[in-house]
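Let's take a friendly walk through this protein, from its overall layout down to a few single residues. Please have a look at the sequence and the model first.

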Amino acid sequence: MGAGRAGLCAVLDRYEGIDEGWYVKRTVRVRLAARSVSCLVYDGGSVLEGARPRRRYFSEAMRGSALAWNLPNRYIAGLDRFRRQGFRG
C-alpha cells in the first residue's frame, strides 16, 4: 500500500473509531461487472441498544447521502426527526 493510501486509511480509521472499537476493518471481495475487486469496509458488528451515530457522521454521511440521492422528502423528514432526538459525542 502506498504512503498516500496508508495516510488516507489512517484518517478513515480515526474518523470511524477503529481504536475505540466502533468498527472492525475488513477487506472483502466485491463483484463489479465481470470482475472481482478487493474493497475495504468498516464492519460495525453488533449494535448496542440505544447507540446513536455521532452528529457529524449523521449530517455528512447519512443525511448528506440521502439528499445527494434525491430520496423522498418523507424520508428526509424522518431523518430530521431522528436528529432532534439527540446524539452521542
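## Overall layout

Starting at the N terminus, the elements of the protein follow the order α-β-β-α-α. That makes three helices and two strands, where helices (H or I, at least four residues) and strands (E, at least two) are DSSP runs numbered from the N terminus. This is a predicted model, in which local features need pLDDT of at least 70 and side-chain atom pairs count only at pLDDT 80 or more, while totals for chains, interfaces and linings use all residues. Residues are numbered from 1 along each chain as its sequence is written, and side-chain values use heavy atoms, with hydrogens and water left out.

The protein has 89 residues, and 17% of them count as buried; here buried means under 20% relative accessible area, exposed over 50%, and partly exposed in between (1.4 Å probe, protein chains only). Its accessible surface is about 7,100 Å², with 54% belonging to carbon and sulfur atoms. Such areas come from the Shrake-Rupley method with a 1.4 Å probe, and for residues only the protein chains shown count as cover. Among contacts (heavy atoms within 4.5 Å) between residues at least 6 apart in sequence, 39% join residues at least 24 apart.

## The hairpin

Strands β1 (residues 24–32) and β2 (residues 35–43) run antiparallel and are joined by nine bridges; two strands pair if DSSP finds at least two bridges between them. They form a hairpin with two residues between them, and Ala33 in the turn has a positive phi of about 55°. Across the pair, Val28 stands opposite Cys39 in β2.

## Glu16 and its neighbours

Glu16 belongs to helix α1 (residues 3–16). With a relative accessible area of 12%, Glu16 is buried. Leaving aside residues up to four places away in sequence, Glu16 touches Trp22, Tyr23, Tyr42, Arg54 and Tyr57.

## A nonpolar patch

Trp69, Leu71 and Tyr75 make a nonpolar surface patch of about 390 Å². Patches consist of residues with over 30% relative accessible area and no salt bridge, with like charges joined within 9 Å and nonpolar side chains (Val, Leu, Ile, Met, Phe, Trp, Tyr) within 5 Å. A salt bridge here is a side-chain nitrogen of Lys or Arg within 4 Å of a carboxyl oxygen of Asp or Glu. Trp69 lies in the loop between α2 (55–68) and α3 (73–84), and Trp69 is exposed at 69% relative accessible area.

## Cysteines

How many disulfides does a search of the whole structure find? The result is zero, taking a disulfide as a pair of cysteine sulfur atoms within 2.5 Å. Cys9 counts as buried at 12% relative accessibility, whereas Cys39 counts as partly exposed at 26%.
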